[in-house]
Amino acid sequence: MSQLILEKMDQAIEILKEKQIDLWLVFVRETMAGGDPVLPLIYGHDLTWQSNLIFTRTGERIAVVGRFEAETARRDGGYTQVIPYDQSIRDELVNILEKINPSNIAINYSINDVQADGLTHGLYQVLRGYLETTPFFDRLISAENLVSALRGRKTPAELARIRAAVELTEDIFTQTFGYAKPGMSEQDISVYMHQKLIENNVGSAWEYENCPIVNTGPESHAGHVGPSQLTLQPGHILHIDFGVLKNDYCSDIQRVAYILRPGESAAPDEVQHGFDTIVGAARAAVAAMRPGIPGKVIDAAAREYVIRRGYEEFKHATGHQIGRLAHDGAGVIGPLWERYADTPNYELESTQVYTIEPSLFVPGYGIIGIEEDVLVTEIGAEYLSSPQVELILI
């Protein structure tokens, strides 16, 4: 078992104490078919039969797994007890609960946080069936707060991996903007950046075909869509959204350039104004970041800055957490739109890592969006990426 997983297991016990949760029950099966998102943080392997990973706030870590997976759990050394079973997990689970007698049992369901919603509806029904004749049936609660904290609070080992991913991403961006020339297509830029992923033996931070997202000019489609055959032309804004997956942790960064027309030595005023607006909006958001501040307050700082400068508000959140995934769950730096549920009300915590990514559209030129990766500290926020403050000229 990796040192990082051991760190996260220790962290889980401390969060149980903090949240006054007696027992956390992670119930999974056939995880290769789509396992609980929390599993890589606390186990690191797939599980086949129904399996219970149990943590208590007194420090017990119990793995109840199929007989043929018990030796793997023992060798890892992270669990204080490994209990194999053959025909049914029910009796072992009930025996453990009777010995511990928890007043509450947190299970992984959530209406707000997708990363805390790993218990399938089917397994939830199975669990209810196992417990319906026991006093524990009415003690089940959501593990949302626990999982959100565990995933969001980055350990030193996690932060080191994120920093390494950010550093590599910035290096690839530098090479890419040195390579980009008028006449190249969005797809050409994507192929070049994919080659850099291969050379560095890393993965893409999200779906390979759509990472990077490349936009040139006003006709390019914004959002989560792959690059097209549109070509870079003088007078275009070139916008790239890209991240790497390095050693299981992600970066997520956007950068923007302007392709000079013949005779130009700088971008037109309307392009520069748009770029300056986005830089200012990002700075406003980062300046507002500190523990205890809800994401909606930080989002408002960026959103209102863009509107005051004469642009329509952007149709997405200002930022999201990153970690093992580019969109890592829990709190969102966003407005109170229904699609974000309650996540914009979540307060920032020290050691969380967020993106800050305001954007706007300049008619006739294209999309301007920058995205920075930012660490929440005890006193504010620290850039992990080197913030873009000058428009790149090609």
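View 1. The largest share of the lining of the second largest pocket, 4 residues, is supplied by α6. The model shown in this and the following views is predicted. The volume of the second largest pocket is about 170 Å³. Its lining consists of Lys-19, Glu-144, Asn-145, Ser-148, Ala-149, Gln-321, Ala-330, Gly-331, Tyr-346, Glu-347, Glu-349 and Gln-352. By class, these lining residues are 3 nonpolar, 5 polar and 4 charged.

**View 2. The contact between helices α1 and α6.** Helix α1 spans residues 3–19 and helix α6 spans residues 144–152; their axes come within 10 Å and cross at roughly 140°. An angle over 145 degrees would count as roughly antiparallel and one of 65 to 115 as roughly perpendicular, so α1 is oblique to α6. The crossing of α1 past α6 is right-handed. On the α1 side the contact involves Lys-8, Gln-11, Ala-12, Ile-15, Leu-16 and Lys-19, and on the α6 side Asn-145, Leu-146, Ala-149 and Leu-150. The contact of α1 with α6 contains 6 nonpolar, 2 polar and 2 charged residues. Lys-19, Asn-145 and Ala-149 take part in this contact and also line the second largest pocket.

**View 3. The largest pocket, with the residues at its centre.** The largest pocket holds about 1100 Å³ of space. It is lined by 44 residues, of which His-224, His-316, Ala-317, His-327 and Glu-357 are the closest to its centre. By class, the lining has 15 nonpolar, 18 polar and 11 charged residues.

**View 4. Strands in the lining of the largest pocket.** Strands β8 (213–216), β9 (237–242), β13 (319–320), β16 (359–362) and β17 (366–369) each give at least two residues to the lining of the largest pocket. Among the contributors, β16 provides the largest share, 3 residues.

**View 5. The contact between helices α7 and α8.** Helix α7 covers residues 156–179 and helix α8 covers residues 186–199; the two axes come within 10 Å and cross at roughly 145°. α7 passes α8 in a right-handed crossing. From α7, the residues in contact are Ile-172, Phe-173, Gln-175, Thr-176 and Tyr-179, and from α8 they are Asp-188, Ile-189, Tyr-192, Met-193 and Lys-196. By class, the contact of α7 with α8 has 6 nonpolar, 2 polar and 2 charged residues.

Technical notes:
Residues are numbered from 1 along each chain as its sequence is written. This is a predicted model: local features need pLDDT of at least 70, side-chain atom pairs count only at pLDDT 80 or more; totals for chains, interfaces and linings use all residues. Side-chain values use heavy atoms; hydrogens and water are left out. Axes are lines fitted to C-alpha atoms, for helices over the stretch in contact, and angles run from 0 to 180 degrees between N-to-C directions. Angles under 35 degrees count as roughly parallel, over 145 as roughly antiparallel, 65 to 115 as roughly perpendicular and the rest as oblique. A crossing is left-handed if the near helix is turned anticlockwise from the far one by less than a right angle, and right-handed if clockwise. Contact means heavy atoms within 4.5 Å. Ala, Val, Leu, Ile, Met, Phe, Trp, Tyr, Cys and Pro count as nonpolar, Asp, Glu, Lys and Arg as charged, and the others, Gly among them, as polar. On a 1 Å grid over the protein atoms alone, a cavity is a set of points where a 1.4 Å probe fits but cannot get out, and a pocket is an open set with protein on both sides within 12 Å along at least five of seven lines; lining residues have an atom within 4 Å of a point. Grid points are joined across faces, edges and corners, and a volume is the space filled by probe spheres set on the points.
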